[in-house]
Structure formats: structure tokens, C-alpha cells
Amino acid sequence: MIFKAVREGRPYPDHGMTTRDWALIPPRQVRMDTLVTTKRELALDALLADDSTFYGDLFPHAVQWKGELYLEDGLHRALRAALQQRNVIHVRVLDLDALMPVAQPAAGPTTESLPAQPPVPAPQQRDSR
């Protein structure tokens with residue numbers, strides 16, 4: 001298997017990254033079998049083109065979200081690397097897990113934060129003589 005999974009669409013929120021923003025992220029090596037694609041289909045002519053990265057980034061773009069790495073851009077480059085028997089590629093990774101931590105559900109107050117209550121007096125016994 002080349003990729004961890006193949007899906008259609010991005011499950012993570014829009015990050016608003018521009019091409020310049022992506023260029024600021026240094027590429028790092030990523031195993032292709034840890035990537036989940038965000039496109040089910042690819043164009044064969046783009047896969048076989050000699051100048052497919054002429055106008056774009058040399059490195060694919062991936063987004064880390066909830067512990068998964070999603071290949072957002074560069075499916076053709078990654079597949080070309082796989083056809084060359086490579087299982088590791090250099091990818092620019094945007095870590096949304098670090099930028100947008102998942103909000104924890106609000107817990108109720110702890111008992112330490114509640115004020116102490118005065119003791120309740122014991123009922124007095126009446127003498128029935």
C-alpha cells in the first residue's frame with residue numbers, strides 16, 4: 001500500500017495558508033504510508049508531465065490534524081516518487097494540532113473551589129417526663 005488511506009475532501013478546518021506561507025515551512029521527511037490523501041482521482045497527464053512542478057512548490061503540502069497527516073497538495077509528486085520505489089518524501093507539514101488545540105469540554109467546579117458549609121446542629125432531645 002502506498003498511502004495510509006485515500007479519501008475525498010479535507011476533514012480539517014480551512015487554514016488560509018498562501019503559497020508564501022507554505023514556503024516558510026521547512027520540508028521534512030515523511031513516510032508515504034503515513035499520509036492520507038484528500039483526493040481520490042488524479043490526472044494521468046499531470047502525473048506523467050516533465051514540468052509538473054514548474055509553477056508550483058517543489059515539495060508537497062500536508063496538514064496534521066487530530067494525529068493524522070493529510071496530503072493536501074502534491075499527490076502527483078508523491079505518486080511519482082512511489083513509482084520510483086521511494087517510500088519517503090520531503091513534505092512541508094502544517095501542524096494544525098499545535099496551532100488549533102482541540103477544546104476540552106468544560107468541567108464543573110471541583111469540590112476544592114466550593115466554599116465550606118457550616119455544620120448542621122444536631123436536633124435537641126426533648127425531655128418527656
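**View 1. The largest pocket holds about 210 Å³ of space.** The model is predicted: local features need pLDDT of at least 70, side-chain atom pairs count only at pLDDT 80 or more, and totals for chains, interfaces and linings use all residues. Residues are numbered from 1 along each chain as its sequence is written, and side-chain values use heavy atoms, without hydrogens and water. A pocket is an open set of points on a 1 Å grid where a 1.4 Å probe fits, with protein on both sides within 12 Å along at least five of seven lines. Volume is the space filled by probe spheres set on the points.

**View 2. Thirteen residues line the largest pocket.** Lining residues have an atom within 4 Å of a point. Leu 58, Arg 77, Ala 81, Arg 86 and Ile 89 lie nearest the centre. Two elements, α3 (75–83) and β6 (88–95), each give two or more residues. The largest share, four residues, is from α3.

**View 3. The largest nonpolar core has 14 residues.** Such a core joins buried (under 20% relative accessible area, 1.4 Å probe) Ala, Val, Leu, Ile, Met, Phe, Trp, Tyr and Cys residues through side-chain atoms within 4.5 Å. Met 32, Leu 35 and Ile 89 have the most contacts inside this core. Here too α3 gives the largest share, four residues. A second, separate core of nine residues includes Tyr 12, Trp 22, Ile 25 and Val 36.

**View 4. Arg 92 sits in strand β6.** Arg 92 is buried, at 9% relative accessible area. A polar atom of the Arg 92 side chain lies 3.4 Å from the backbone oxygen of Ala 23.

Note on methods:
Buried means under 20% relative accessible area, exposed over 50%, partly exposed in between (1.4 Å probe, protein chains only). A polar contact is a pair of N or O atoms within 3.5 Å; within protein, one must be able to donate a hydrogen and the other to accept it, and residues adjacent in sequence count only if both atoms are side-chain atoms.
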